[in-house]
Amino acid sequence: MPGESVMTGRLHPDARYFQIVALGSLLFINFSLIDFGARPLPSAVAIGTALLTQLVCSRLAGLPHLDLRSPLITGLSLSLLLRADALWLYAAAGGIAIASKFVFRLDGKHIWNPAGLAIVVLLLTSKGVWISPGQWGSEIWFAALTGFLAILVLGAARRADIAIFFFASHVALLLARAWWLGDPLGIPLHQLQSGSLLIFTFFMISDPRTAPDAAAGRFLFAFAVAVLAHYMTFFMQMRPALYFALIILSPATIMIDRLLPAKRFNWADPAPQGASR
Amino acid sequence: MRYGVVHWLKTGVAAAAILAHLATGPASAFCGFYVAQADSKLFNTSSKVVLARDGDQTAITMASDFEGDAKEFAVVVPVPTFIERKQIGVVDPKTIDHLDHYTAPRLVEYHDEDPCHPVMMMLATPAAAMPSPVHDVAVVKRYGVTIEASYDVGEYDVLILSANQSNGLVNWLTDNKYRIPQGAEDVLGSYIKQNMHFFVAKVNLERMKGLGNNYLRPLQVRYQSPKFMVPLRLGTVNARGPQDLIVYALTREGRVESTNYRTVKIPSGMDIPLYVKDEFGPFYKALFERAVSRENMRAVFVEYAWDLGWCDPCAAEPLSNKELVELGARWIGSADDGAFRTNRYSGAGGADAFVTRLHVRYDAKSFPEDVALMETKDRSTFQGRYVQRHPWQGPSSCAAATSYRSELPARFAQEAKTLEGLTGWNRTDIVGRMALTGQPIK
């Protein structure tokens, strides 16, 4: 598995560069070709606030290096997913996301995926926020899926197996439901074609800084999130169920890591821990 | 004798008289003439659904272009809960027509000013022509179908059914003279497993005669459920070609969009040639068809999204509180004949209503699952609006007039190009028609 390989950042370029290019391209497509609802100013505010918060928090925490790659990915994800009726809410999202990494941490990793947590906090506390359903159309969806998978296959995104575990679990549950209902295959295939599902799979649940350390733990966690999200979607009719399922279950990674211990992930490996957040 | 099961959206509405309304747009904001609209009657096999949604409370009002014999009319609608008598009603078809006219794509026209005497002239907005239980509540064991209730509702006999297997339900419906299309069994089975109930209605001819109506009124069902969707699937079984559905969503917070299909705004705001005024209907139809094919028939189109408290320009008189309540917007707090006015901007709180008009062309292949909807917080306004600019025709002779006239052919050429792009109409025809209506392109 790529995550467990001895390949390190020295041999492979940092996956985050590819991720930034992929998300940036999607945002560019949104502005120039096919509108899926992101707007330039809100996007700039979300990204800018995320970067700024990283800068401030890194200083406060006394980190030796300022690393802007992760907050840029968070800001881009928020731009693609979050919709709000006021500009300050985008700033709040960027701020909450990045600050949460510095506040909620345990044993050298943060508990919640930053963008996911910001989305859930704002959905619960603000009346002016909703989530883009991510209807990008088939062409963009397949192109994005191919691109994101390519990043995984390049081996650059370590511990990316969790994305595959989650996606497979999600697909299996949708197929099982269709089989149980007697629905044609077109229905689960159509249900998969959501852009926000792809961003969730490849950028949130697969965040190596929050995923369980052991491969078995990652599988267990991915499956649990898929089951909870499925239940919330189809039995509770909750629409942005993926984010809620992830945030609810994230604290369980602490227990999973105790039960199934493995080497802790760090972007900067083999550099000393704490060099980057 | 068999009742034809017109799939669920095909509730009947006889063609209602088109009422003439005065446009009452605020003259200060709008200085164009509202001249034509493309209402839903343009599209064949179109159904209209009004969905009023407040929290988990939904009222769905269904109307269609059913024009057959009333005794042939029947409808089967999956609903998420059991429905009591007080949750069912009939609606005056004119109310839906009013909402249709109010939200329809519109053509507006402006007149260029004298290039020699530019004045800031505010045109007044002109008048615009515009158009009791029958059965015992019973468990029918043999079919696995439960008749949970039966009601008399106006001209309709309504049954609420639940079932534990789809073939039982199909057999029951068939034995009770409902004609169920081939292939409906799988879809019904899927709804049964999702614990849906079935709202089944057919026309009681005697009561219809007693009421003195010669048309069928739209049926309304109200229920409380987190499910916010439009059940299309039964309608796609055995359908002859694609169908059109127009959803008018009434909400408190903001625009409604689909969560499982792309929601796309219809092209809007372009300047188009003057001759289109006489064929605005065919124009909009061609534009819509082109938009549908550009999205491979996999999108839901927004034709109108606006706060119901105001409009600019108004394509019809604003809806009254009474009409909005009739259509299910019971949260607005008043049901009088006065025009709906929002309190939003006065700070008084209370009434808030937003309307989103969604237009879907669908078939089983491109819309495999029911359209799921969500209410967003987006209150930004949108309308399908097309603009005509009449050139100045007066006998002006000044330097400004000369340059104004020299720029006109380029402007007309741009309008021809826009029209061609929007509709796919033949360029030569467009240019020829424009030349005949005073818009020559040299």
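In this predicted model, chain A and chain B together bury about 2,100 Å², and carbon and sulfur atoms account for 53% of that area. A:Trp130, A:Gln135 and A:His190 contribute 28% of the area that chain A buries against chain B, more than any other three residues. In terms of contacts, 28 residues of chain A meet 25 residues of chain B.

Two salt bridges are counted between chain A and chain B. A salt bridge links the side chains of A:Lys127 and B:Glu253, with an N to O distance of 3.7 Å. On the side of chain A that touches chain B, at least two residues each come from β4 (129-131), α6 (138-153), α7 (161-181) and α8 (186-192). The largest share, four residues, is supplied by α8(A). By residue class, this side of chain A comprises twelve nonpolar, nine polar and seven charged residues.

Chain A itself contains twelve helices and four strands. Of its 277 residues, 56% are buried. Among the contacts in chain A between residues at least 6 apart in sequence, 78% connect residues at least 24 apart.

In soluble globular proteins, nonpolar side chains tend to be buried together. The largest nonpolar core here has 71 residues, of which A:Phe166, A:Leu198, A:Phe200 and A:Ile205 touch the most other members. Leaving aside residues up to four places away in sequence, A:Phe200 touches A:Phe166, A:Ile205, A:Val225, A:Leu242, A:Tyr243 and A:Leu246. Another core, of 69 residues, lies apart from the largest one and includes B:Ile83, B:Ile266, B:Phe283 and B:Met297.

Several backbone features occur in chain B. Helix α2 of chain B spans residues 166-175, and its buried residues are B:Ser166, B:Gly168, B:Leu169, B:Val170, B:Trp172 and B:Leu173. After α2(B) comes B:Lys177, which has a positive phi near 70°. Positive phi values are also found at B:Asn296 and B:Met297. The table lists the phi values of these residues.

| Residue | Phi |
|---|---|
| B:Lys177 | near 70° |
| B:Asn296 | about 50° |
| B:Met297 | near 55° |

B:Asn296 lies in the loop between α6 (280-294) and β18 of chain B, and B:Met297 lies in the loop between α6 and β18 as well. B:Asn296 is classed as partly exposed because its relative accessible area is 45%. B:Met297, by contrast, is buried, because its relative accessible area is 14%, under the 20% limit for a buried residue. B:Met297 is also among the members of the 69-residue core.

A cis peptide bond runs from B:Asp312 to B:Pro313, with omega near -5°. B:Pro313 belongs to the loop between β18 (299-307) and α7 (321-326) of chain B.

B:Arg405 is part of helix α8 (residues 399-423) of chain B. Its relative accessibility is 37%, so B:Arg405 counts as partly exposed. With residues up to four places away in sequence left out, B:Arg405 touches B:Gly394, B:Pro395 and B:Ser396. The C-alpha atoms of B:Arg405 and B:Pro391 are 8.9 Å apart, and the two residues are 14 residues apart in sequence.

Notes. Residues numbered from 1 in each chain as written. Chains lettered and ligands numbered in written order. Predicted model: local features only at pLDDT ≥ 70, side-chain atom pairs only at ≥ 80, totals over all residues. Heavy atoms only, no water. Contact = heavy atoms within 4.5 Å. Buried area = accessible area lost by both parts, 1.4 Å probe. Salt bridge = Lys/Arg side-chain N within 4 Å of Asp/Glu carboxyl O. Nonpolar A, V, L, I, M, F, W, Y, C, P; charged D, E, K, R; others polar. Core = buried A, V, L, I, M, F, W, Y, C linked by side-chain atoms within 4.5 Å. Buried < 20%, exposed > 50% of the residue type's maximum accessible area, 1.4 Å probe, protein only.
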